[in-house]
Amino acid sequence: METLAEILEFFHRGYVDYRPNLTIDCAIFGYHDGALQLLLVKNKIFTKWCLPGGYVRKDENLDQAAARITAERTGIENLFLKQFKTFGEPGRNSPQSVDVDQLFELTGIKAGDPGWLEGETASIGFYAITDIVNATPQADYFSSECRWFPVDKLPPLGFDHDEITREALFTMRMHLYHFPIGKNLLQQKFTLKEIKQFYEVMSGKQLNASNFPNKLISLGLIVKLDEKLKIGAHRSPAYYKFDEETYNKALAEGLVLA
């Protein structure tokens, strides 16, 4: 939503197009240059940073809603998205994180006004993974900032988004060993050292220098190229790439990397 008119239409008549009390919150992880980061939004009426999220439209399913929200925030479609948990503790959307004066100044709406946005809300948690280079974080009318933070240096988050983030990171790292997710986050060709570093950053664990790459090779997930990285007089490491057919099958059906 980019204009005040759109915001007011959403507040007053959003129930026509959106499902009341059902939202999506997305933990969008970004990888680049050996670092893992999380995309956060600073909403003008919230006192803390939050995960990107929004209400589910009546004409879309949950996966479509998550894809729409992540595309709106990153500028990228067809991200790797996984649903991981529903959050519905009483009081999770308490107005304590809302700046009521700022809400009134921006919209003329008073906190507590009866409407379709009142009441307890359950949120479906999704996580997504993207390359920061390809993402263009988007702020809208209600957002003053939308930017990346290192996962080990996150600010305090509003509502229950600290819990959602912890659960998302834990689940993503569990899924990492069952779904190959590196194809769009690494260069088309890479060394074994580079893919090992990628999985170490994503998993938060130190991996065996030879066993883990050999596992990827034995599964047929990556294949060796007749090309090497030129690094002067030192031994030049070979380049590898993902095998397209094996990768897509593993992404659809799952596999075991551990």
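Guide: Start with a definition: helices (H or I, at least four residues) and strands (E, at least two) are DSSP runs, numbered from the N terminus. This is a predicted model; local features need pLDDT of at least 70, side-chain atom pairs count only at pLDDT 80 or more, and totals for chains, interfaces and linings use all residues. Residues are numbered from 1 along each chain as its sequence is written, and side-chain values use heavy atoms, with hydrogens and water left out.

Visitor: What makes E1 and E2 a pair?

Guide: Two strands pair if DSSP finds at least two bridges between them. E1 and E2 (residues 35–43) have 4 bridges, in the antiparallel sense, so they pair. Phe29 has Leu38 of E2 as its bridge partner. In this hairpin 2 residues lie between the strands, and Asp33 takes a positive phi near 50 degrees.

Visitor: In which sense do E1 and E6 pair?

Guide: Parallel, over 10 bridges; E6 covers residues 122–131. Ala27 stands opposite Tyr127 there. E4 (residues 53–57) runs antiparallel to E1, joined by 4 bridges. Ile24 faces Gly54 in that strand.

Visitor: Why is E1 called mostly covered?

Guide: Buried means under 20% relative accessible area, exposed over 50%, partly exposed in between (1.4 Å probe, protein chains only). In E1 (residues 18–32), 11 of 15 residues are buried, so the strand is mostly covered.
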